[in-house]
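User: Could you walk me through this structure? I'm new to this, so please keep it simple.

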Amino acid sequence: MEKKDIKSMTLEELTGELSALGEKAFRAKQLYQWMHQKLAAELSEMTNLSKGLRERLEKEYIWTALEPVDVKVSPSDGTRKYLFRLGDGNVIESVLMRYKHGNSVCVSSQVGCRMGCRFCASTLDGLERNLRPSEILEQVYRIQRDTGERVANVVVMGSGEPLDNYENVVRFIRLLSAPEGLNISQRNITLSTCGLVPEIRRLAEEGLSVTLALSLHAPNDQVRKTLMPIANRYGLAEVLDACRYYFEQTGRRLTFEYSLVKGVNDNLEEAEALARLIGGHHGHVNLIPVNPIKERDYVQSNREAVEAFKRHLEKRGINVTVRREMGRDIGGACGQLRKSYMDRKEA
Ligand code: SAH
């Protein structure tokens, strides 16, 4: 029989599991706290559990712990980029960003990705596998333990398409926001998607209150198709309908991400088309000067183009922010660190 992943269980499930082993409910609570609140690195730290129980847990369950292979620290802004090794030898990356309003961790949801966005490094080698809830949680846990600083916000914006790993990601959100765990408010969790329509609608009905970010990157289907293969499956009209539904169900304002690529999607007609497209929506636009990756020849829009694009949207009454480029000096773009690690390993 395949072993169960103990760190992916809710407190309720864990209680059932331990009661089957003849343990009382308070033991489950202690174990849960060790894992999700005290962020124990190993079972041996759990000194109020009997040695017998710990040994049994060790033998009969999967115990997820991430091992940092590499940590890069940006001298300019303190951003820390982690490369973690998983139990099966795969590696993933996570990023800690330090903002005035608190620490934010960006987690990966899959090893690789199969969405194929043209400017993204995470998808170059396709999808390896989905991450389990515990493997997504551990990215946050490990970073909080490593720095000793509380993580205030979590963004599911690392490698992978979170809605392509739906069940595990939703479970991750529930565990991360559970009062018996780190208790990170769902309002401080953002999930970014390239726009999987059925899953956006399903998420709207989960009863969660996380912020949804949509990777838009183009004001029309024609341009979007050149950047994102998923645009061939779902048209913008459908995607934006699903976003509207998400807002209606959750009351959460959306974020529209728009990576600016020189000569592809950054002129003022496109800004105007974008304003029309999302004008009636509840949300704001986050402009991201594209982070060039060496495998593709996309070029970042220059500062003036970014500013002009921003001003045009503002003139049309749209809230706009420009993403600060944190950790650019340490390979900031999604999937870059993993990709260079894998390439080095192969060489
Ligand atoms: N699969 C999710 C999460 C991906 S990463 C999604 O598509 O939203 C989060 C954001 O970074 C997405 O908007 C993605 O399109 C963008 N992104 C990826 N690589 C980038 C790059 N090299 N430059 C700028 N933005 C990038």
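**Around Arg323**

Analyst: Leaving out neighbours within four places in sequence, Arg323 has contacts with Met157, Glu257, Asn286, Leu287, Ile288 and Pro289; contact here means heavy atoms within 4.5 Å. Before we go on: this is a predicted model, where local features need pLDDT of at least 70, side-chain atom pairs count only at pLDDT 80 or more, and totals for chains, interfaces and linings use all residues. Residues are numbered from 1 along each chain as its sequence is written, and side-chain values use heavy atoms, with hydrogens and water left out.

User: Which side chain is joined to that of Arg323 by a polar contact of 3.3 Å?

Analyst: Arg323 sits in the loop between strand 14 (320–322) and helix 11 (336–346); helices (H or I, at least four residues) and strands (E, at least two) are DSSP runs, numbered from the N terminus. A polar contact is a pair of N or O atoms within 3.5 Å; within protein, one must be able to donate a hydrogen and the other to accept it, and residues adjacent in sequence count only if both atoms are side-chain atoms. At 3.3 Å, the partner of the Arg323 side chain is that of Glu257.

User: Is Thr64 buried or exposed?

Analyst: Look in the loop between strand 2 (61–62) and strand 3 (67–73) for Thr64. Not counting residues up to four places away in sequence, Thr64 touches Asp5, Lys7, Arg132, Ser134, Glu135 and Glu138. The cut-offs are under 20% relative accessible area for buried, over 50% for exposed and partly exposed in between (1.4 Å probe, protein chains only). Thr64 has a relative accessible area of 4%, so Thr64 is buried.

User: How far apart are the side chains of Thr64 and Ser134 in their polar contact?

Analyst: The Thr64 side chain also makes a polar contact with the side chain of Arg132, at 2.9 Å. For Thr64 and Ser134, the side chains are joined by a polar contact of 2.9 Å.

User: What is the distance from a polar side-chain atom of His217 to an oxygen atom of the ligand?

Analyst: There are 19 residues around the ligand, and the closest are Glu161, Ser192, Ser215, His217 and Asn291; a residue counts as near if one of its heavy atoms lies within 4 Å. Backbone atoms show up too: a polar one of Phe119 is 3.1 Å from a nitrogen atom of the ligand, and a polar one of Cys194 is 3.4 Å from an oxygen atom of the ligand. For the His217 side-chain atom and a ligand oxygen, the distance is 2.6 Å.
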